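Please look at the sequence and the structure before reading on.

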Amino acid sequence: MSAELLVLLIVIMTALAFDFTNGFHDTANAMATSIATGALSPRVAVALSAVLNLVGAFLSVEVAKTVSGGLLNIGGVHHMALLHIVFAGLAGGILWNLFTWLLGIPSSSSHALFGGLIGAAVAALGASGVIWTGDQKTGLINKIILPAVLAPFVATLVAGLGTYAVYRLTRRSPKDKVSTGFRWGQIGSASLVSLAHGTNDAQKTMGVIFMALVAHGTYTGADDIPLWVKICCALAIALGTYLGGWRIIRTLGKGLVEIDSPQGFAAETSSAAIILTSAQFGLPLSTTQTATGSILGTGLGKPGAEVRWGVMVRMAVAWLFTLPLAGLVGAFCWWLADLAGGLAGVLVVATLLIAASVYMYLRSRRNPVDTRNVNDDWEGGLTPPSRPRETASA
């Protein structure tokens, strides 16, 4: 087996590892509100979300095309150099995902990935390695920055109006019947968000793997994304989703707004509509920012609801720094891999990535969040107070 082929296999495995972290990092986008209102039990919620993420990954490839050919200017770059760039970018995305998961902050997995890739490309090729502006199908500003700025505001507005309308229309109905009815509605709306998440986020990893395959020469940019790539990415994100990112589920479900079932239904419906629309147009939207904006909108749209603005500020700061900090990590990983050179460089970075990932996992066990405490009352911290328990999940 040649060194270049071995590097390709490591890149593919790393991409699937990122897809796995994307799954458990973003489970909250679909299921946090349903878990918080009791519409679904925690385990049923993540299982349902996993299945629908799996199905959604096969519904479209527009986002994958954007990622594989619309962000990096990689024409003429040597195969091994391009594989190093992709690998370093994935490492940056994984480390940021795990770091924000450890803190319970719902940052954008999409922007972590793009930040890592952009940082590695700039470190390797200079500013010309990134397509900053382009036509309707390419360009960092057109495809990433503008949707990132607009999505949370649009989601907040749509969910706020929807929540106000729901409470206005049901103001004379018995509260217990309204609550029960919307809990049933949440099962459908949360399922739609999970399906939409699969059509958007799983495709990003498909696009990265296809980029690596093109770099290796296995495929050309004109080829279709192979079926085995779609299947592997769909399975990886589904498995990560089933693991359940309980730390982030708790923050979105309990930390930002105390959610009732009508609010949860409005938030999930708004998120699903926006994410599905973006996937249709090939926009690799941040599902996290969309879902968070929707939840914020429900707090603003419900009369008398409380929004914890301190939590919102922490989220917004994480959003602001995700692209640049993931980019710095991606650039550092590329520099380290390039310093060692070839296969040895990739192995050095892979070893550090595994060590850092294990450390953050072990660190999370000091104050675990799982199905037993994910719905505990919010007491100002991103994780509830430690207490003895028999088992702990991610």
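Two cavities of 30 Å³ or more turn up when the whole structure is searched. A cavity here is a set of points, on a 1 Å grid over the protein atoms alone, where a 1.4 Å probe fits but cannot get out, and its lining residues have an atom within 4 Å of a point; the volume is the space filled by probe spheres set on the points, which are joined across faces, edges and corners.

The model is predicted, so local features need pLDDT of at least 70 and side-chain atom pairs count only at pLDDT 80 or more, whereas totals for chains, interfaces and linings use all residues. Residues are numbered from 1 along each chain as its sequence is written, and side-chain values use heavy atoms, with hydrogens and water left out.

| Cavity | Volume | Lining by class |
|---|---|---|
| Largest | about 40 Å³ | four nonpolar, three polar and one charged residues |

The largest cavity is lined by N29, T33, V193, A267, E268, S271, A291 and I295. At least two lining residues come from each of α1 (3-37), α10 (261-280) and α11 (287-301), with α10 giving the largest share, three residues; helices are DSSP runs of H or I with at least four residues, numbered from the N terminus.

Around the second largest cavity, the lining includes G23, D26, T27, N29 and A30, as well as H197 and T241. Two or more of its lining residues come from each of α1, α2 (42-56) and α7 (175-216), and the largest share, five residues, belongs to α1.

Turning to aromatic rings, the structure holds five aromatic pairs, meaning rings of Phe, Tyr and Trp (its six-membered ring) whose centres lie within 6.5 Å. The ring centres of F24 and W101 are 5.7 Å apart with planes at 75°, so this pair is edge-to-face, a label for planes over 60 degrees apart. Because F24 lies in helix α1 and W101 in helix α4 (residues 79-103), the pair ties together parts that are 77 residues apart in sequence. Both F24 and W101 are buried, that is, under 20% relative accessible area with a 1.4 Å probe and protein chains only.

Key
1 Å grid on protein atoms, 1.4 Å probe; cavity = no way out; pocket = protein on both sides within 12 Å on 5 of 7 lines; lining within 4 Å. Nonpolar A, V, L, I, M, F, W, Y, C, P; charged D, E, K, R; others polar. Phe/Tyr/Trp six-rings, centres within 6.5 Å; stacked < 30°, edge-to-face > 60°. Buried < 20%, exposed > 50% of the residue type's maximum accessible area, 1.4 Å probe, protein only.
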